[in-house]
Amino acid sequence: MGLQNYSNPSDDDDTNGGMGGFGGPGSPGLPPMSGITGAMTDISDMLIDYNERFKGATPALFRDALIAQSISVLIGKAKPNPLLVGPAGVGKTRIVEEIARSIAVQSPLIPAQLAGSTVYELPLSNLVAGAGVVGQLEERVAALVDFATDKRNNAILFIDEIHMLQDSHDPIYKKVAQILKPALARGDMRLIGSTTMNEAKSFDDDPAFARRFSRLVVDELTREQTIDVLFAARGGFLSHYKNKVSVSDDVLTKVAVIADENSRASTHRPDNALTLLDRAMADTVVAHSSALATAQAANNAAVATALQSVTTLPLGESKLRSVAVRLMTGMATKEPFDEARVLSKLDRIKGQDSIVTELIDALRRDDLGAFPRKRPMAWMFAGPSGVGKTEASKIIAQELTNQPPIILNMGEYNMEHDASRLIGSGPGYAGSESSRELPFDTLESNPYRVILLDEVEKAHRVIHRLFLTALDEGWMRMANGKVVDFSKTIIIATTNAARDSISKNPVGFSTAPERQPLTRQELTKALQEHFEPEFLGRFSKLIAFAPLSRDTFTDILVASYERELDRIALSDPRTAALVARPIDVDVLEAAVTASYLPDQGARPAEQAARTLIEDAVLAVRFPSAPTTPGSTGSGIASDLEGPVDE
């Protein structure tokens with residue numbers, strides 16, 4: 001609804017604290033609609049008198065130019081119909097309210113052509129409600145047009161969410177638009193419409209209707225302007241909460257800052273700040289009432305008496321921040337960063353000690369919160385297959401979010417049209433009406449997720465470009481216009497690209513001083529053959545995972561062997577007892593020789609460990625049976641010769 005009249009105490013009773021908009025019948029003095037036989041027989045049942053409602057409101061701030069432009073359109077001879085277009089929450093409706101207020105108080109800014117006019121909001125739901133009989137809607141709209149075009153009424157109609165009249169899937173609203181067209185074209189009636197940028201695109205489907213309007217763009221207020229709006233609105237909020245909550249100047253200044261830091265990409269100033277202030281004050285009142293009820297239920301008279309004696313509840317910064325996070329994430333919360341636990345889990349990634357250290361350092365810095373994130377943490381893991389890129393991503397996701405990552409196998413997005421599987425189909429295309437779940441829908445309920453773009457080099461370049469805004473600005477626009485917030489996510493892209501260049505630099509398994517990790521410049525140069533520079537540039541970290549040496553592979557095989565035996569011992573101790581611990585040195589050497597394939601990384605190690613365990617159990621239970629020498633070579637190798645996808 002935009003910037004509201006929170007600062008006017010007199011609005012509390014009839015507008016729910018100045019919330020504005022719908023919520024009651026219009027002025028009772030409007031004439032009846034003769035000829036209408038439906039349940040709604042009076043124009044007053046449909047229209048809301050803005051002059052009456054907002055005559056006591058405080059003046060709007062920082063919208064003088066737009067208000068003047070709107071007035072100049074309204075007094076024009078042809079097409080006196082302004083269309084206010086802008087993001088949700090920037091104050092489009094507030095401009096209309098200010099025009100109505102200025103007319104009501106006979107402001108000198110109002111020209112003679114508008115003097116004595118009345119602004120009426122027309123909720124479209126009121127117009128079509130009960131019009132079930134054929135022809136009844138047409139009669140109702142015709143009577144409304146007669147009223148609006150009658151010069152004696154000096155009426156200015158206002159339709160919020162006017163794009164609904166161009167909804168091709170609702171013939172009722174389309175019919176209303178067709179009836180309004182002639183009157184709009186002649187300039188006989190004055191109509192103000194408001195809609196968002198994206199939804200205004202629906203007007204392009206009906207150019208004849210769109211050209212009846214003069215489009216005015218309503219921009220978002222700056223943070224400094226929003227702070228001034230908050231100071232002007234404070235009185236109305238205090239009155240609404242019966243002066244039970246106090247808000248200091250310092251806290252009020254921080255409202256706009258905290259709202260910006262914790263708002264979704266689809267919210268805008270000043271609405272995000274006003275909403276945060278309102279919710280924080282309400283939460284303060286509810287928390288006090290809850291504490292009092294708890295004390296009374298526990299028969300703690302001292303605490304109850306102390307709480308009852310509190311006359312004013314100060315709103316603090318901590319309350320603002322907790323409410324801001326809840327408004328953005330709902331019930332989802334960020335898991336605390338337990339460095340020791342994450343480090344112990346990442347210990348499974350063998351041979352990449354320097355990389356584990358780098359990841360822990362990045363997570364530690366992010367946990368400080370010194371620089372609130374407006375875009376995701378974005379890392380690219382490059383290196384040969386099977387060296388721990390995907391495994392590290394899964395561990396980070398599980399430990400930081402307590403959920404598995406959102407995994408996208410980018411090999412499935414190797415065609416240009418596969419973009420529709422990420423953002424949906426555009427209007428008019430096949431699947432545009434589908435209600436199927438898209439990969440990022442889950443971010444609406446929990447923005448704290450890890451997104452894994454596996455084997456990202458296999459995706460089409462169009463898919464790479466689709467992520468540019470998400471990586472740089474923290475949001476992605478779906479085909480239906482919905483904006484998905486990525487600012488709290490961690491996006492990890494894995495790639496096997498440039499593995500030959502990385503393999504020549506054996507980072508992670510050599511202690512020779514001359515062996516240095518690839519610099520970002522060197523890794524970027526190697527990856528630019530596979531990715532566009534603007535795509536690579538949006539990743540805060542490019543990390544090269546080293547190939548695994550034979551010694552590291554041996555350590556991984558032993559760790560897998562021990563881990564599998566521990567698992568078996570929990571469910572079948574007798575079987576686990578048949579297997580020797582530790583692995584015999586000669587058996588281990590034979591297994592490594594049979595299974596170590598540098599190009600496949602650590603993946604063969606797990607199968608080799610399982611084969612060793614199976615060989616040991618089979619040798620005890622079936623001693624006379626022919627044996628397959630899996631532990632000495634052929635049995636293991638037969639399972640591992642085929643290529644393994646990462």
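Select strand 3 (residues 118-121) and strand 4. They pair in the parallel sense over four bridges. Strands here are DSSP runs (E, at least two residues), numbered from the N terminus. Two strands pair if DSSP finds at least two bridges between them. Now pick Y120: its bridge partner in strand 4 is L157.

A note on what you have open. This is a predicted model, where local features need pLDDT of at least 70, side-chain atom pairs count only at pLDDT 80 or more, and totals for chains, interfaces and linings use all residues. Residues are numbered from 1 along each chain as its sequence is written, and side-chain values use heavy atoms, with hydrogens and water left out.

**Stop 1**

Strands of a sheet pair through backbone hydrogen bonds, either parallel or antiparallel.

Go to strand 5 (residues 190-195) next. Six of its six residues are buried. Buried means under 20% relative accessible area, exposed over 50%, and partly exposed in between, with a 1.4 Å probe and protein chains only. Colour the two faces separately. R190, I192 and S194 lie on one side, L191, G193 and T195 on the other, and all are buried.

Show the neighbours of strand 5. Strand 4 (residues 155-160) runs parallel to strand 5 and is joined to it by five bridges. Strand 2 (residues 82-85) also pairs with strand 5 in the parallel sense, over three bridges.

**Stop 2**

Zoom in on strands 10 and 11. They run parallel and are joined by four bridges. Pick L408: its bridge partner in strand 11 is L453.

Touching, or contact, means heavy atoms within 4.5 Å.

**Stop 1: two loops**

Move to S385, in the loop between strand 9 and helix 16 (389-401). Is S385 buried or exposed? S385 is buried, with a relative accessible area of 5%. Its side chain makes a polar contact with the side chain of R603, at 2.9 Å. A polar contact is a pair of N or O atoms within 3.5 Å; within protein, one must be able to donate a hydrogen and the other to accept it, and residues adjacent in sequence count only if both atoms are side-chain atoms.

Now select E444, in the loop between helix 17 (420-423) and strand 11 (450-454). E444 is partly exposed, at 33% relative accessible area. Not counting residues up to four places away in sequence, E444 touches R264, K482, V483 and V484. E444 and V483 are 39 residues apart in sequence and 9.7 Å apart in space, C-alpha to C-alpha.

**Stop 2: aromatic pairs**

A search of the whole structure finds 10 aromatic pairs. Rings of Phe, Tyr and Trp (its six-membered ring) pair if their centres lie within 6.5 Å; planes under 30 degrees apart count as stacked, over 60 as edge-to-face and the rest as tilted.

Show F440 and F467. Their ring centres are 6.1 Å apart and their planes stand at 90 degrees, so the pair is edge-to-face. F440 is in the loop between helix 17 and strand 11, and F467 is in the loop between helix 18 (461-466) and helix 19 (468-473), 27 residues apart. F440 is buried at 1% relative accessibility; F467 is buried, with a relative accessible area of 1%.

Then show F535 and F539. This pair is edge-to-face, 5.2 Å centre to centre with 80 degrees between the planes. Both residues, F535 and F539, are buried. Finish with Y50, F54 and F158, which form one aromatic cluster.
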